[in-house]
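Trainee: I have a new model open. Can you walk me through it?

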Amino acid sequence: MPELPEVEVLRRSLVPRLPGQRIERVEVYNPKLREPVSAARLDRDCVGRRVLALRRRAKYLLIDLEGDRTLIVHLGMTGRLTLVEAEEVAEPHEHLAFFLDSGQRLRFRDPRRFGMVFSRPTRGLEDGRHFAHLGVEPLGGDFDGQRLKDAAKRRRGPVKTFLMDARVVVGLGNIYVAEALFRAGIHPKRSVARISRRRWELLAGEVRKVLGGAIREGGTTLNDFADGDGQAGYFQVSLWVYGREGESCPRCQTTIRRIVQANRSTFYCPACQH
DNA sequence: CGGGCGGCCTGGAGGC
DNA sequence: TGCCTCCAGGCCGCCC
């Protein structure tokens with residue numbers, strides 16, 4: 001579920017409640033996530049430390065702690081991070097929990113276990129294995145059409161997989177790429193070598209708009225996504241093409257198609273997108 | 001070095 | 001009702 005907007009919505013939901021809290025205990029019920037969870041390392045890095053700040057890089061939530069440590073959470077496909085009372089019964093697929101001095105616990109649940117939870121020194125985090133290769137933040141000041149055009153110079157292939165490549169631009173997944181391409185009127189199979197300067201600018205603008213809109217609407221909840229309070233989002237009603245194969249295009253009534261690119265579904269309007 | 005593909009998991013939906 | 005197949009929001013590592 002979670003692409004950039006969902007992680008950002010989660011971050012914002014936790015900002016009023018998490019900073020200032022001290023982690024008193026970590027419990028790991030099932031360490032088998034995408035990368036094995038080290039309970040010992042989480043203990044060492046987290047217990048006794050206060051949360052200082054919440055940041056986001058790409059689709060990673062970064063929880064900065066005292067003493068140069070950062071707790072990193074990635075939701076994978078079905079991950080959920082919620083703040084509940086400490087004594088609340090464990091959910092199915094609750095794989096670990098951080099018990100806080102407020103009497104609450106920060107619970108991580110993830111049925112498919114594609115998520116990740118780990119800790120690292122805050123300093124130098126961006127040079128680590130998960131972060132070093134990451135490209136530009138699409139909502140940051142240095143993202144624009146020129147940036148995309150420059151990145152495209154060294155590459156070939158369809159624009160859809162280009163936008164999904166985190167080395168180019170981070171945070172975009174299957175949903176928002178489909179939506180941004182639809183709004184920009186660009187065919188997902190169009191080669192990056194054949195996109196004009198003007199259209200790169202248009203695309204960059206639509207990427208920002210669709211992500212910004214999704215954040216404002218609390219993210220997209222298809223099945224699993226919820227923020228730190230367990231609240232679902234409602235941007236799914238604003239999706240024009242994603243998941244709408246066989247329905248009619250909201251702009252021109254042509255039937256929306258689904259194709260497969262790089263083993264992922266792509267939804268688009270064959271009349272509006274060129 | 002870039003691009004394509006398989007694999008990691010579970011659960012829900014739909015067909016028969 | 002039950003069984004089977006397909007599909008799912010991400011990411012990495014391996015291969016060519």
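Mentor: Start with a definition: domain bounds here come from an automatic or database domain assignment. On that basis chain A is divided into domain 1 (4-127) and domain 2 (145-268). This is a predicted model, where local features need pLDDT of at least 70 and side-chain atom pairs count only at pLDDT 80 or more, while totals for chains, interfaces and linings use all residues. Residues are numbered from 1 along each chain as its sequence is written, chains are lettered from A and ligands numbered from 1 in the order in which they are written, and side-chain values use heavy atoms, with hydrogens and water left out.

Trainee: What separates the centres of domain 1 and domain 2?

Mentor: The distance is 28 Å, taken over C-alpha atoms.

Trainee: And how many residues are in contact?

Mentor: 20 residues of domain 1 are in contact with 18 residues of domain 2. Contact means heavy atoms within 4.5 Å. The two domains bury about 1,600 Å² between them, 63% of it on carbon and sulfur atoms. Buried area is the accessible area (1.4 Å probe) that two parts lose on being put together, summed over both.

Trainee: Which three residues supply more of domain 1's buried area than any other three?

Mentor: Pro 5, Glu 6 and Val 9. They supply 32% of the area that domain 1 buries against domain 2.

Trainee: How many salt bridges between the domains?

Mentor: The count is 1 salt bridge between domain 1 and domain 2. A salt bridge is a side-chain nitrogen of Lys or Arg within 4 Å of a carboxyl oxygen of Asp or Glu. Arg 17 forms a salt bridge with Asp 229, with the closest N and O atoms 1.8 Å apart.

Trainee: What about polar contacts there?

Mentor: There are 8 residue pairs in polar contact between domain 1 and domain 2, both residues at pLDDT 80 or more. A polar contact is a pair of N or O atoms within 3.5 Å; within protein, one must be able to donate a hydrogen and the other to accept it, and residues adjacent in sequence count only if both atoms are side-chain atoms.

Trainee: Which elements supply the domain 1 side?

Mentor: Helix 1 (4-14) and strand 5 (80-85) each supply at least two residues of the side that touches domain 2. Helices (H or I, at least four residues) and strands (E, at least two) are DSSP runs, numbered from the N terminus. Helix 1 gives the largest share, 9 residues. By class, that side of domain 1 has 9 nonpolar, 3 polar and 8 charged residues. Ala, Val, Leu, Ile, Met, Phe, Trp, Tyr, Cys and Pro count as nonpolar, Asp, Glu, Lys and Arg as charged, and the others, Gly among them, as polar.

Trainee: Stay on helix 1. Why is it largely enclosed?

Mentor: 10 of its 11 residues are buried, so the rest of the structure largely encloses helix 1. Buried means under 20% relative accessible area, exposed over 50%, partly exposed in between (1.4 Å probe, protein chains only). The buried residues of helix 1 pack against several elements, including strand 2 (51-57), helix 5 (174-184) and helix 6 (197-216).

Trainee: New topic. Where is Glu 35?

Mentor: Glu 35 sits in the loop between strand 1 (23-28) and helix 2 (39-46). Arg 129 forms a salt bridge with Glu 35, the closest N and O atoms being 2.8 Å apart. Arg 129 lies in the loop between strand 8 (116-121) and helix 3 (145-153), so the pair ties together parts that are 94 residues apart in sequence.

Trainee: Is Arg 129 buried or exposed?

Mentor: Arg 129 counts as exposed, at 60% relative accessibility.

Trainee: Last one. What does Arg 25 touch?

Mentor: Arg 25 is in strand 1. Leaving aside neighbours within four places in sequence, Arg 25 is in contact with Val 47, Ala 97, Phe 98 and Phe 99. A polar contact of 2.9 Å joins the side chains of Arg 25 and Glu 27.
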